[in-house]
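Please read it alongside the sequence and the coordinates.

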Amino acid sequence: MKKSIQTVKGVREFYPEAMSLRNYLYEKVRGVSQAFGYQEWDGPFIETIDLYAAKSGEELVKKQSFTFEDRGGDLVTLRPELTPSLARMIAAKQNELTFPVRWWSFGPFWRYEQPQKGRTREFFQWNIDMLGVNSPEADAELIAVAAGFLRSVGLSPERAQIFVNNRRLMDSEFDALDIPPEKRLDVSNLVDRRTKMEPAKWDENARDLGLNQIQLDGLKGILGNFDLWKKNEELTRLFAALDALGVSEYVKFDPNIMRGLLYYTGTVFEAFETTGSLKRAILGGGRYDNLLADVGGQPLSGVGFAMGDVVIGIILQEAGLLPDFDLTPASVLVTVFDKSLLLKSYALASRLRQSGLKVMVYPEPAKLPRQFKFADKMKMKIALVLGPDEAANSQVAVKNLSSGEQVVVRQDAVIDTIRTMLG
RNA sequence: GUGCCUGUAGCUCAAUGGCAGAGCGCCACACUGUGGAUGUGGAUGUUGUGGGUUCGAAACCCAUCAGGCACCCCA
């Protein structure tokens, strides 16, 4: 009994209660995606490693992917992200799709990481993208979708914020500081880590990268300048659009947001919960201008973001924002009085189901207290008893389990009685 | 891939080298045609797994697996 086979490291098992959280997130995601006119789609769950090799970043491909050889000797990967599949699928139908394309998806992904709070090796992720329009207003729409989601799950602007930056803006600032192109990636990564490092240690790392004092001071000036966006046309248009979309209270400019993925070229953004213990991004995304060309399509710009189910699930749980999920599998239990009446109970349950009710029948004769306890634990609202007395008179006893009241009615009136009790 | 912490009944935890326990839950009965409340009784286990030290290990040591925290990375 104790020798059970363990689950694979970093995966979760979805018992019914966890499943209702997953479905809740799916419904909220679908709701806000459809409200903005996005269509649901999906890609394959396994892909060749080559798809990710080009642009996803070395860490993701070489260290964090589940890659294995299939029986034919080819290297395949459990997808660690969706955007490259999106780019390929768009490129394949580039001449027949109607642009702008607005697509969303919610499905499983795998990353070979060290599991910890907010990080598992198997997770579900919402992806949503718009392709074919390159404008700050399109970027603003995606940010508004993100804000709309936060709002729909009850996360107020006081509780969750979306921080926005722009890679082109940062590049021009880096140009002004004479930071050479080959150091940009390392500098970006360092910027990403600034909030979780000791200031002195951060300075030391910056000097190790070869930044001189003037560049270091300049960099710190940039990262502390939260008005930097005002001199950038993309960002001023972005914030004007966000204002029109009614979500500006959710969004702030932050020059410290860089994001790791290589394919982002313009706007980048990440959402964080601001009050809780979890310092992980709820969602993140941005604009990618070159991805389609990289997988063999005509140049086409896109913008999108992704949200994993793990972090948002923990945040909503800890904030007490989750609704009480209705775990009742059925509203009515038909009890089985004894062996001779078993099939009469089955027939009754069947008639009730045909009228659209959710009805469970106790699967074998058992003592009534046991069957009532079962109904109670399953939080069912009504229990029916079809005993010898009722059967002899074509009747059935209908008990309201929350009030304790019980009435005996004719079998042809039982549906009305149940509907009245259920309200 | 690195460092630190943790692992005892279904759950939450106690027992710090000397008989493995409590609360909750579970089961039975009070109540053989009716659940929740209450009372009484009952069952829990190879102390994550494997090895070692010891007269004696849940406890100490080593390995391993899993979880957590911090790196790394990111949804």
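## Helix 8 and helix 9

The axes of helix 8 (residues 199-208) and helix 9 (residues 213-223) cross at roughly 125° and come within 10 Å, where axes are lines fitted to C-alpha atoms, for helices over the stretch in contact, and angles run from 0 to 180 degrees between N-to-C directions. That angle makes helix 8 oblique to helix 9, given that angles under 35 degrees count as roughly parallel, over 145 as roughly antiparallel, 65 to 115 as roughly perpendicular and the rest as oblique. Helices (H or I, at least four residues) and strands (E, at least two) are DSSP runs, numbered from the N terminus.

The crossing of helix 8 and helix 9 is right-handed; a crossing is left-handed if the near helix is turned anticlockwise from the far one by less than a right angle, and right-handed if clockwise. Trp202, Asp203, Ala206 and Arg207 in helix 8 meet Gln213, Leu216, Leu219, Lys220 and Leu223 in helix 9, contact meaning heavy atoms within 4.5 Å. By class, this contact has five nonpolar, one polar and three charged residues, where Ala, Val, Leu, Ile, Met, Phe, Trp, Tyr, Cys and Pro count as nonpolar, Asp, Glu, Lys and Arg as charged, and the others, Gly among them, as polar.

## Basis of the model

This is a predicted model, in which local features need pLDDT of at least 70 and side-chain atom pairs count only at pLDDT 80 or more, while totals for chains, interfaces and linings use all residues. Residues are numbered from 1 along each chain as its sequence is written, chains are lettered from A and ligands numbered from 1 in the order in which they are written, and side-chain values use heavy atoms, with hydrogens and water left out.

## Helix 5 and helix 10

Helix 5 (residues 136-152) and helix 10 (residues 233-244) have axes that come within 8 Å and cross at roughly 45°, and the two helices are therefore oblique to each other. Their crossing is right-handed. On the helix 5 side the contact involves Pro136, Glu137, Asp139, Ala140, Ile143 and Ala144, which meet Glu234, Arg237, Leu238, Ala241 and Leu242 in helix 10; these residues divide into seven nonpolar, no polar and four charged.

Helix 6 (residues 167-176) packs against helix 7 (residues 184-192) at an angle of about 115°, with the axes 12 Å apart, so helix 6 and helix 7 are roughly perpendicular to each other. Helix 6 passes helix 7 in a right-handed crossing, and the contact is made by Asp171, Phe174 and Asp175 of helix 6 together with Arg184, Val187 and Ser188 of helix 7. The residues of this contact comprise two nonpolar, one polar and three charged.

Asp178 is found in the loop between helix 6 and helix 7, and its phi is near 60°, a positive value in a residue other than glycine.

## Cis peptide and aromatic pair

A cis peptide bond, with omega about 0°, joins Phe99 and Pro100, and Pro100 is found in the loop between helix 4 (83-92) and strand 5 (101-110). Most residues other than glycine have a negative phi, and most peptide bonds are trans.

Rings of Phe, Tyr and Trp (its six-membered ring) pair if their centres lie within 6.5 Å, with planes under 30 degrees apart counted as stacked, over 60 as edge-to-face and the rest as tilted; by this rule the count comes to 15 aromatic pairs. The rings of Phe14 and Phe124 have centres 5.9 Å apart and planes at 85°, so the pair is edge-to-face. Phe14 lies in the segment before helix 1 (16-35) and Phe124 in strand 6 (residues 122-131), so the pair ties together parts that are 110 residues apart in sequence.
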